[in-house]
Amino acid sequence: MSGPLHRRTLLALAAAAMLATPALAQPMIGQPAPAFQARDADGRTRTLAEFKGRTVVLEWTNNGCPYVQKHYNSGTMQRLQREAAKDGIVWLTVISSAPDMQGHLTGPQAKAWKAKAGAASAAVLLDPAGVVGRAYEAKTTPHMFIVDKAGTLVYMGGIDDRPSSDPASLKGAKNYVSAALADIKAGRAVAQPATRSYGCSVKYASAD
Amino acid sequence: MRFLAGVLFALVFSGLAAAQAQPVNTGHLTAELVSSAQGIAPGQTIHVALRQQIQKGWHTYWKNPGDSGEATRLDWSLPAGWTAGDFVWPTPHRMPIGPLVNYGYKDEVLLPLTLTAPASARPGETVMLKGKASFLVCEEICIPESADLTLALPVVAQAAAADPKWGPAIGRTLAAAPKPAGLSAAFRKEGAALKLAVAGAPLKGADVADAYFFPFSGTAIDHAQPQAVERGPEGLTLTLAPGVDFQAGAGPQSLPGVLTLGEGGPAYELTAAAGPAPAGAAGLGPPPAKASGGGAGGLNLATAALFGLLGGLILNLMPCVFPVLAMKAASLAGHGGGAHAQARRQGLAFGAGVLATFLVLAGGLIALQAAGAAVGWGFQLQSPPVVAALALLMLAIALNLSGVFEVAGSLQNVGSGLAARGGTAGAFFTGALAVVVAAPCTAPFMGAAIGWALGQSAVVALTVFAALGVGFAAPFVAIAFAPALLDRLPAPGPWMDVFRKALAFPMYAAAAWLVWVLTQQAGADALARILGAAIILALAAWLAGAAQRRALVGGRPLAQGLAAAALAAVAVGAVVWPRYAEATSTAAESRTAGAAYEPYTPERLAALRAEGRPVFVNYTAAWCVSCQVNERVALSTKGVAEALSRNGVAYLKADWTKKDAVIAADLARFGRAGVPLYLVYGADGGEPAILPALLTEGLVVRALDAAAKPS
């Protein structure tokens, strides 16, 4: 006679389990940045550890998202990447779109897109399972993170202070990433380490 | 000619102007500006609204879009002097997508805003109000869309009539929109969590199980995390996950937003200040689980009655009933050998006794609850005098079965005992007694049925209890009506005497159990008293028996009979009359044969849950035999003790042996009216899992392991 009760118990427990997010290493400013391991567009496995001793910028992207297009079509993102590369900063572009979702690219497609857009990132990381995305709790495209030379997370948030997809909003926008990189170069603490990220949602695989 | 051309031109253009007031399809939604009034007077403020009809499956966003997205905007190009206010945002919906959560609207939404005409507006003119609406409309992908909208509004001398369609619609939207309600709210960071405490008159006694806080700022909280609710007498406390605002520096000092009490429920605008919680916002623990075992939430009379019937049937199998089964068996043994009519009469009498007692007990319970007492099912056994009296009654019956004295009829009818002249009355009495003693054991289904019934009208509740009674009595009555079965029974004979005397022992055991319960409730002094009374009662029984034997051989033992009656009265009076001292409570952490536990209080539970520990709460009572069986069979085992320590589960025991309003209220919240109730609160802060009423070691271990998993 405990049949129906047993089922309900299991359902309740399952529901309770699903409510919890697997935030094993919740990214926090001032704490070590979450480790990751992902293949890049050339098929090589890249990790955060291999860049220890260098500043790393992580940029979540989705080439179909109007907010990403605002930055790439105007060339502002590429310019930022070139300037960062000149200072020896490692710029990693991450694609966490699941297969069949907007923005998903295979290795060759990613290389083609990078060439066409004139992007100057050090590598494009392919994260179709969303493992790196969830480790960093990346919510939008674009979503920016900066890890300093010691491996500590020093910036997380939006690329600038204009949460709009209208290209006109770039004029007069304050770019948080360039400001943070300037702070790091000058040896200062990042003045605004955590800001609002904006954009389309990262296209993780649907729950069902 | 030019004049005509000009007129034609104007006509064409005015036609086009009218066309510009039409709704605009931007791709995935259709937008238009609508007005609540048919015109506006100079200096008057009316409400207009931006209407969105969104394609099915797509959505637009609220003021704070959540983890991603962008709020709808309206950029006006108004003539000089005209002003427009901000949107009055209706309560948004939570829209989860994968691990993210957005706040927005689907299907159709009206965003009202105020529009004020300058005093210099000229009545008779129609003013064209233009605005550019920008939306981010998303399904799986997001598309920014925009529409150039125009609203042609006549300026009138006096306040105009309401627009027949949009006036009421905008009025309804404004009425339903969240508004300040005088709530006091404060927030503070506690460890990794953000506690938002809200108190105020609108929250007192409200159902807050689905409460949710929508902050206006997109960086205040982590929108994707669930918000655990804790109730308080005047309000509630939500446990939120802090957002990026709390990552850098001191964090914000104010947290404005909208508190809702569920989809379609009331919504309040509030601004929480950083600081200590207002009084009354916590302390009553989390709200009850919506789905309790047996689905109490979704019951109706038919289902509850069915559950009652099943519960009553199953009650025959519960350990509580065993002493009474002994009596039932004894009376049944008198029916072998063809006394069918008598058997049927007694079967019905038993059924009537059961039914009547259930209804009387239920009536008493309903009346007590209506009078405000926090009693639950089994309340009769929470009172020491009742327990003591029942113990003496069990002893008397056991002595009767042992042959020390007879209830009715002569000694020669020893075989027929309860089947003689007094047999029908005896059967009725047996039925009544069976209910009184067995009822505190809540069988599966019974708990849900009673829990639901007590929340209904008296007539409905009594119907459910009647169904319980029918289920309980059914097996016995059925046998009494089955001549084939009755004929199977051996004919009355000397074997019946031995059988009766053997059955006395379960009754002695029942008496001993009740004495133990009494000791739990009222301590060692009560034990001394009941034992003394038992001796006096035994003496009375012997005297009564002796008197009966004397009467058989022609004597008139009036003195002996009276003495027996007097002694019996003294025994009963000694245990029922005087007050019972409360048993001294056990130490804060006690040890049973198994795991260490603490006494349950809602505050301790809330504190443990705030620490993120899983908690196992065991609602039990000394007089609840199925609870005791579960303790010995499942909860006191090594496996469970190991599972508790391995998973860091705190074990709280809620002892309902004596009256306790807090426990009674807890049981009611989970749709139960009796014990046992086993709750496992997971480490993640969600609703507790309810374990079945019959436990096994494996079941408990699995539940404890699962509770600790999502840490």
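Helices (H or I, at least four residues) and strands (E, at least two) are DSSP runs numbered from the N terminus. The model is predicted, with local features requiring pLDDT of at least 70 and side-chain atom pairs counting only at pLDDT 80 or more, whereas totals for chains, interfaces and linings use all residues. Residues are numbered from 1 along each chain as its sequence is written, while chains are lettered from A and ligands numbered from 1 in the order in which they are written.

Chain A has six helices and nine strands. Of its 208 residues, 42% count as buried, a term that requires 20 or more other C-beta atoms within 10 Å of the residue's own, as against exposed for 12 or fewer and partly exposed in between, with C-beta atoms placed from the backbone.

Most residues other than glycine have a negative phi, and most peptide bonds are trans. A:Glu137, in the loop between α5 (131-136) and β6 of chain A, is not a glycine but has a positive phi of about 55°, and A:Glu137 is buried, with 22 other C-beta atoms within 10 Å. In chain B, B:Asp107 has a positive phi of about 60° and is placed in the loop between β8 (100-106) and β9 (108-116); with 12 C-beta neighbours inside 10 Å, B:Asp107 counts as exposed.
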